[in-house]
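Dear colleague,

I am passing on the structure we spoke about, and my notes on it follow below. Please read them with the model open beside you.

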Amino acid sequence: MRGVLTRPEAQLVLLDTPGLSRPRSLLSRRMNQLVRESWSSVDVVVLVVDLAAGIGEGDRFLAEETRGLDTPVVAVANKIDRVRPREALIPELVRLEALRGAGVAFDDVVPVSAGTAENVERLVEVLIGHLPEGPRIMPPDLVTDQPDRVLAAEIVRERVMHDLADELPHSVAVTVDGIEPDADRDDLVHIDAVIHVERESQRPIIIGRGGERLKRAGTEARLELERLLGVRVHLTTHVKVAPDWQRDPRQLGRFGL
């Protein structure tokens, strides 16, 4: 996913990649390859750490993976608004500074809260400071280069996964079969999303008791899509089984992976 922020003095094209994981399937191997290819083709690498959850082994692993990069690496300590007491921020930031190992410091460490926007403007300034001079890549009025169909699929998947927590890691894929304007209303679009799981036993986990989990995720996704698209949205969701899709090259290609 690419987001674009254009300022008079600079343009940031932000690429959101998956994290690195153990290569247990074709999907995880492809995701790891995508991450490393992205690192080699960008001007700045941003490592985001959930400071409220505490710095863990996964953060340390990612930080160590970036040690050999010639690209500047900026560590972002997110969710500072949830760290209490506030004085507890300092030792956590010191731990973050030391993550890459002895003698290998981050180029910058920036504490922020994405939820409240605290210090986000400072992060923008830091990232701009690491950019080389050059022409703008994207039109100045563009905020993303992703088509509506891809954005809708990502938003539905995000809301489904948010409610599931760790119950189905990487076992959910979403495709959008259609985005169609309403025949009678200019301010309404119909979006048909399909949620794919790997096993029949995962269907009830997605749907929830009495369909409440899927309904809640669908409502949250619909409201976010309405804010994004600027129109009313009628969102329908279906859950289908795509057996072992993480290990099937044909199905991975269908899901854009």
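Strand 6 (173–181) and strand 7 (188–197) pair in the antiparallel sense over eight bridges, pairing being called if DSSP finds at least two bridges between two strands. Within this pair, Val174 stands opposite Ile195 of strand 7.

Before going further, please note that this is a predicted model, in which local features need pLDDT of at least 70 and side-chain atom pairs count only at pLDDT 80 or more, while totals for chains, interfaces and linings use all residues. Residues are numbered from 1 along each chain as its sequence is written, and side-chain values use heavy atoms, with hydrogens and water left out.

Three further strands form an open sheet in the order 3-4-5, with parallel pairing. Strand 3 (45–50) and strand 5 (108–111) are at its edges and have a single partner strand each, so one side of each has no neighbour in the sheet. Neighbouring strands of this sheet are turned against each other by 20 degrees on average, direction ignored, with axes taken as lines fitted to C-alpha atoms and angles running from 0 to 180 degrees between N-to-C directions. Six bridges link strand 3 in the parallel sense to strand 4 (residues 73–78), and Val48 has Val76 of strand 4 as its bridge partner.

Turning to the helices, helix 7 (residues 212–229) has 18 residues and reaches 25 Å from its first C-alpha to its last, close to the 26 Å expected, the expected span being 1.5 Å times one less than the number of residues. Its buried residues (under 20% relative accessible area, 1.4 Å probe, protein chains only; exposed is over 50%, partly exposed in between) include Leu214, Ala217 and Leu225, as well as Arg213 and Glu226. These buried residues of helix 7 pack against helix 5 (148–164), strand 7, helix 6 and strand 8 (232–241), contact meaning heavy atoms within 4.5 Å. Gly230, which follows helix 7, has a positive phi near 75 degrees.

In helix 5, the buried residues include Leu151, Ile155 and Arg159, and the buried residues of this helix pack against strand 6, strand 7, helix 6, helix 7 and strand 8. Lastly, Ile206 lies in helix 6 (residues 203–207) and is buried, with a relative accessible area of 2%.

Note on methods:
Helix = DSSP H or I, 4+ residues; strand = E, 2+ residues; numbered from the N terminus.
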